[in-house]
Amino acid sequence: MEESGIKPAATTRERIRDKQSKVSDLISRFEENRHTDNKRDGSPVKPVGKAAHVGPAPRAHQRTEASRIQEKFSPAPASAQDAQKPATNGVLVQTKQGMEQEEENHGSLEITTAGLLNGDMGCAERSDDLSPPHVERTVSERNAENNAGNKAETEQRTEEASTNHNETKEQKLFKIASELLHTEKAYVARLHLLDQVFCSKLMEEANKGTFPVDVVKNIFSNISSIHAFHSQFLLPDLEKRMDEWASTPRIGDILQRFTPFLKMYAEYVKNFDNAMELLKQWSDRSPQFKAIILEIQSQEVCGCLTLQHHMLEPVQRIPRYEMLLKDYLKKLPDKHPDERDAQKSLEIIATAATHSNSAIRKSENLKKLMEIYEMLGEEEDIVNPSNEFIREGHILKLAARNTSAMERYLFLFNNMLLYCVPKFSLGGPKYTVRTRIGIEGMTVRETSNEDYPHTFQVSGKERTLELQASSEQDKAGWIKAFQETIEVFQQKNESFKNALKEVEEVSKAELGKRAPRWIRDNEVTMCMKCKESFNALTRRRHHCRACGYVVCWKCSDNKAPLEYDGNKMNKVCRDCYSTLTGERVTEDGKKERKGILEIEAAKFTESSIICGFLQHSDKGKLWQKVWCVIPEKDSLVLYLYGAPQDVKAQGSIPLVGYSVDESNRSTDPSHSFHLSQSKSVHYFAAENDEAKQRWLKVIRVAVTGETPERPHGNDANANMSDDNAQEADAT
């Protein structure tokens, strides 16, 4: 019986040694703290004495293997006592059952190994016998016994790891190149959608006169050039290279050859904010424009994403090239032939990515401003590229009289603080602005309050607030955010003031008659009129040709004749425009509509595209005779006066986006037509069919956004004189 018990045990040890390399790390991980459990018919198997199972020589070999495994993956115990711990559930225990028991042990090995590979330590139960097994050698003895074997094994592992490392780098280079090709294909598909679907459909409709062609061109900028470059040059070369990867494993030479062409992205990125603004403006103004976009967005090819989302893709593409190329360079072996080309490509791409990243940050900031705008009930005008979001959060405000704490919410921007009160809402957090405090002149300091910890004070020109943060860390975060925002604002304001001191101002009497001294670009960081910060993408520097100030594009969006330049039209700031022309300009850069309240009808009539009497009715009112004028200076607006010499217009109709219809109602007079947009409908009737056709010819051009021409054979002043004469005869 003893012999039959020993042979199966020896056979089992041989199998264990064969599988040792597969489970060695798992055995060593748990050898310090667990017993082996082996259940059969619900009964635990007890450890078997050494004399009944194995001789000294086989056991010594088994100990050597275990020691090597432990030396690889686990620190050696500090003492023999530490080494005397229960065996792991990965150690197999022999039984007295002969070949039948051998099969059971083999199955136990497979089950236990599977459980350990899955990281499951709870699948085996602990043995009832918790006594530690007998240890025949100390840790030092075992280490000394295995020194020679460990040294040889370590050298072998180092050599194998080096080989595997080189293979892994080659695989990673191929993976990066494959990822570049895969993303390039998807990107070209997105460019095709923008260029050949969105842009083409809108341009097709614009050519019909529904809305201006220039609007579509300004929205999509140079997307056609970008699409052609990627689809006809970069993508085909990448596809060819991946087919030849086995013989030419490199991509740096391709990118180095094409990266100079990525400079074309500068135009697209700089125009991005203006494109977003035009897109929103014309979606609101033109129903046909909006309908085309919505129809395309509903198609499967768009992936349920908006046009704005797709248009952001070219802005984001350059930074993705940069990330892939950096990763590619890290994986290149030393002195690889592709290293030089890849490094040159990265330098060019990094420069382009700087502009793209700035545009992305600007876009993300505008997105955040829109979210805050909605949380404030769409009542606060904060969606402006010059507003930069800094921080938001809940805060407690201490009352001045009884020091009770009230829940409030703060939104901190680069130029203001919104102090808000939460209000109940089922559709997400909503707030009401209680006070808007400007950063200019603001101070912040810590305060001490025995009843309320973590307090600080924010003092501005509009209001002083004593606030309580939720913790000392939250308080420190708020104070730091306020201090940094105030410091940046003061620095920009100081540079602005210094530039003003150095300006040799041109007097009003000499304005436009003498060339001014231009302020240098590097002397200011913000617009010298509206004080909004400059940046490379959305706020570029412009010079007023009349006073020499550095202003933003909004403040320089006016032209006036300058005497010192031969009365040629030059860009001027809004203040100089008002001085030179006598027309006022609002703070947002728009010229005030003086025709409604201030400009006399006679002044418009002198330089009008068309004018004359028409019958007018709207909102179910009675027909009324009015003097109608479409002036040359404001050719897209129809002004309605009570008489040709009135100093104030009764109303005005911005014609862009209106639909023109000649169909008549049964109650309408002859020669009538009507203009409609949404729920607004205006009915008109001319004296005769000839006059009606003249008006329709001009209005049909104006509603598309194009500047209409004066009808042939129509003299505005003569028309006015004839109508006045008829009016006089009638009275």
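## Salt bridges

The predicted model holds 23 salt bridges, a salt bridge being counted where a side-chain nitrogen of Lys or Arg lies within 4 Å of a carboxyl oxygen of Asp or Glu. Side chains of opposite charge can pair when their charged atoms come close. Five residues, Arg-241, Arg-250, Asp-253, Asp-338 and Asp-341, are linked in a network of such bridges.

Because Arg-250 lies in the loop between helix H7 (223-243) and helix H8 (252-258), while Asp-341 belongs to helix H13 (residues 339-375), the pair ties together parts that are 91 residues apart in sequence. Arg-250 and Asp-341 are both buried. Another salt bridge joins Lys-368 and Glu-371, with 3.9 Å between the closest N and O atoms; Lys-368 and Glu-371 both lie in helix H13, three residues apart, which is about one turn of the helix. Glu-371 is partly exposed, with a relative accessible area of 35%.

## Basis of the model

This is a predicted model in which local features need pLDDT of at least 70 and side-chain atom pairs count only at pLDDT 80 or more, whereas totals for chains, interfaces and linings use all residues. Residues are numbered from 1 along each chain as its sequence is written, and side-chain values use heavy atoms, with hydrogens and water left out.

## Overall make-up

The protein contains 19 helices and 20 strands, these being DSSP runs numbered from the N terminus, with helices (H or I) of at least four residues and strands (E) of at least two. Of its 731 residues, 43% count as buried. The accessible surface comes to about 40200 Å², and 49% of this belongs to carbon and sulfur atoms, with areas taken from the Shrake-Rupley method and a 1.4 Å probe. Among contacts (heavy atoms within 4.5 Å) between residues at least 6 apart in sequence, 60% join residues at least 24 apart.

Lys-270, Arg-540, Lys-559 and Lys-571 gather in a patch of positive charge on the surface. Such patches are made of residues with over 30% relative accessible area and no salt bridge, like charges being joined within 9 Å, with the place of a charge taken as NZ for Lys and CZ for Arg. Lys-270 is situated in helix H9 (residues 265-285) and is partly exposed, with a relative accessible area of 43%.

Arg-285 lies in helix H9 as well, and Arg-285 is partly exposed at a relative accessible area of 30%. When neighbours within four places in sequence are left aside, Arg-285 is in contact with Val-656, Gly-657 and Gln-677. Arg-285 and Tyr-658 are 373 residues apart in sequence, yet their C-alpha atoms are 9.1 Å apart in space.

Phe-482, in helix H14 (residues 472-501), is buried, with a relative accessible area of 0%. Apart from neighbours within four places in sequence, Phe-482 is in contact with Leu-412, Leu-417, Met-442, Val-444, Phe-456 and Val-458. The C-alpha atoms of Phe-482 and Asn-414 are separated by 9.3 Å, although these residues are 68 residues apart along the chain.

Thr-432 belongs to strand S6 (residues 430-438) and is partly exposed, with a relative accessible area of 39%. Not counting residues up to four places away in sequence, Thr-432 touches Tyr-419, Cys-420, Val-421 and Lys-423.

## Positive phi angles in two loops

Most residues other than glycine have a negative phi. Ser-221, however, has a positive phi near 50°; Ser-221 is found in the loop between helix H6 (213-220) and H7, and counts as partly exposed at 25% relative accessibility. Lys-335, which is not a glycine either, has a positive phi of about 60°. Lys-335 sits in the loop between helix H12 (313-331) and H13, and counts as exposed at 80% relative accessibility.

Notes. Patches are made of residues with over 30% relative accessible area and no salt bridge: like charges are joined within 9 Å, nonpolar side chains (Val, Leu, Ile, Met, Phe, Trp, Tyr) within 5 Å. Lys and Arg count as positive and Asp and Glu as negative; His and the chain ends are not counted. Buried means under 20% relative accessible area, exposed over 50%, partly exposed in between (1.4 Å probe, protein chains only).
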